[in-house]
Amino acid sequence: MTWRPTIAALTGLCLALTTAPGPAGAAPPAPRRAAHVNVHTYPLAGPPGAPPGVCPGGTGYGPPLPAGSVFATKIQGGFSFLEGPVWIAEGGYLLMSDMAAGTGPYNVQPSTIRRFTPPSTFDTFIADSGSNGLALSPDAQQIIAATHDQRNVSAYRLSDRTRSTVAADYQGRAFNSPNDVTVRSDGVVYFTDPNFQRGNRPDQMSGRTSVFRVSGGQVSLVDDRLRQPNGIALSPDGGTLYVGAYSENKIYKYVVQPDGSTGARSVFVNYLGGPDGVTVDCAGNVYWASGSDGLIHVYSPSGAQLGTIRSGGAGTTNVAFGGPDRQTLYITSGRTNDSGLYSIRLNVPGYPY
């Protein structure tokens, strides 16, 4: 997700890998455990990269789109700036972040989690959530949220909406503004940390915008060579991590090891529209929202473009599959202060965030 009116100026990035030290000139302290981690390790249930129970193994799928270019239907507009849709199967509803313009001395954007219950009901689920991208814990009892208000990753329990911390900082330094998040079915969390929602708060990452991993309560660096990493997702087999670098106009992929650590990075696709949020279907096809051209670009696991989905004008931010059979693609899209929710029926089921 990008909030165009308040994007901070880009700064140079330093090269670092998963085992890299902190910012230049600082001694590398011991790995820091995340405070109050509320994402536990669960036995694998189905493919290790897909949310548990979403994608049954061994199922064959045909083409995901009914045509090469299709149009989504608008459900409702008039929101501030929608982001991070996530489908809650148990309740049969969709949650999404709605961000307003920055306020206060640090120009931090307030955010509310809205709920959409099909076919047409909208209400407030969590006020003052401070959230951007949303995902689900493996047991589907918590929302895992990239929360820029506290510059951390949080968990909101669905039953009572209480908040806890998944990732507080990295080596004692505050993140920029966590943006999007994905969760492996064994509880390993990956998230992006550009500076789009940092506002006027101090930069503690020495100009770096990065991707991080949380495993066993410890926060580790995946990569800080990316310029404004944005959307993030895992392949169904858990072997590939996709990350969109918004300011490079590229989508990268990383080899993921069984323990959750990442290996070699390569270019998945050279993008054309500014890669924002993303989801994946059960055949491994990748659906990437474009902030500038307003399209969802659909790619095969090999990186071949399969088609596009249009949801309106510019400002398409994110996507998620939902509905009883998980074959309805929900799209958040639109201009600031007239952001809307769209949907389209597709041929292949997919991830709920």
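Two strands are taken to pair if DSSP finds at least two bridges between them. With that criterion in hand, and bearing in mind that this is a predicted model, we can begin with the pair formed by strand β8, residues 142-147, and strand β9, residues 152-157, which are joined in the antiparallel sense over six bridges. Within this pair, Ile144 stands opposite Ala155 of β9.

These two strands belong to an open sheet of four strands, whose order is β7-β8-β9-β10 and whose pairing is antiparallel. Because β7 (131-136) and β10 (163-167) stand at the edges and each has a single partner strand, one side of each is left without a neighbour in the sheet. From one strand to the next, the twist of this sheet averages 30°. Strands of a sheet pair through backbone hydrogen bonds, and they may do so in either the parallel or the antiparallel sense.

The pairing of β21 can be traced on to two strands. Strand β20, residues 286-290, pairs with β21 in the antiparallel sense over four bridges, and here Val286 stands opposite Tyr299. The hairpin of β20 and β21 has four residues between its strands, and in this hairpin Gly294 takes a positive phi near 75°. Strand β22, residues 305-310, also runs antiparallel to β21, to which it is joined by five bridges, and in this pairing His297 stands opposite Thr308. The hairpin of β21 and β22 has five residues between the strands, with Gly303 taking a positive phi near 95°.

Most residues other than glycine have a negative phi, and most peptide bonds are trans. Against that background, Asp128, although it is not a glycine, has a positive phi of about 55°; this residue is found in the loop between β6 and β7, and Asp128 is exposed, with a relative accessible area of 63%. Asn337 likewise has a positive phi, near 75°, in a residue other than glycine. Asn337 is found in the loop between β24 (328-333) and β25 (339-345), where it is exposed, with a relative accessible area of 58%.

The peptide bond from Pro118 to Pro119 calls for a separate look, for it is cis, with omega near 10°. Pro119 lies in the loop between β5 (111-117) and β6 (121-126).

Finally, we turn to the largest pocket, which has a volume of about 230 Å³. Which residues lie nearest its centre? The pocket is lined by 15 residues, and of these Pro52, Val54, Ala89, Leu136 and Ala140 lie nearest the centre. By class, the lining of this pocket is made up of eleven nonpolar, two polar and two charged residues.

Definitions and conventions: Residues are numbered from 1 along each chain as its sequence is written. This is a predicted model: local features need pLDDT of at least 70, side-chain atom pairs count only at pLDDT 80 or more; totals for chains, interfaces and linings use all residues. Side-chain values use heavy atoms; hydrogens and water are left out. Axes are lines fitted to C-alpha atoms, for helices over the stretch in contact, and angles run from 0 to 180 degrees between N-to-C directions. Buried means under 20% relative accessible area, exposed over 50%, partly exposed in between (1.4 Å probe, protein chains only). On a 1 Å grid over the protein atoms alone, a cavity is a set of points where a 1.4 Å probe fits but cannot get out, and a pocket is an open set with protein on both sides within 12 Å along at least five of seven lines; lining residues have an atom within 4 Å of a point. Grid points are joined across faces, edges and corners, and a volume is the space filled by probe spheres set on the points. Ala, Val, Leu, Ile, Met, Phe, Trp, Tyr, Cys and Pro count as nonpolar, Asp, Glu, Lys and Arg as charged, and the others, Gly among them, as polar.
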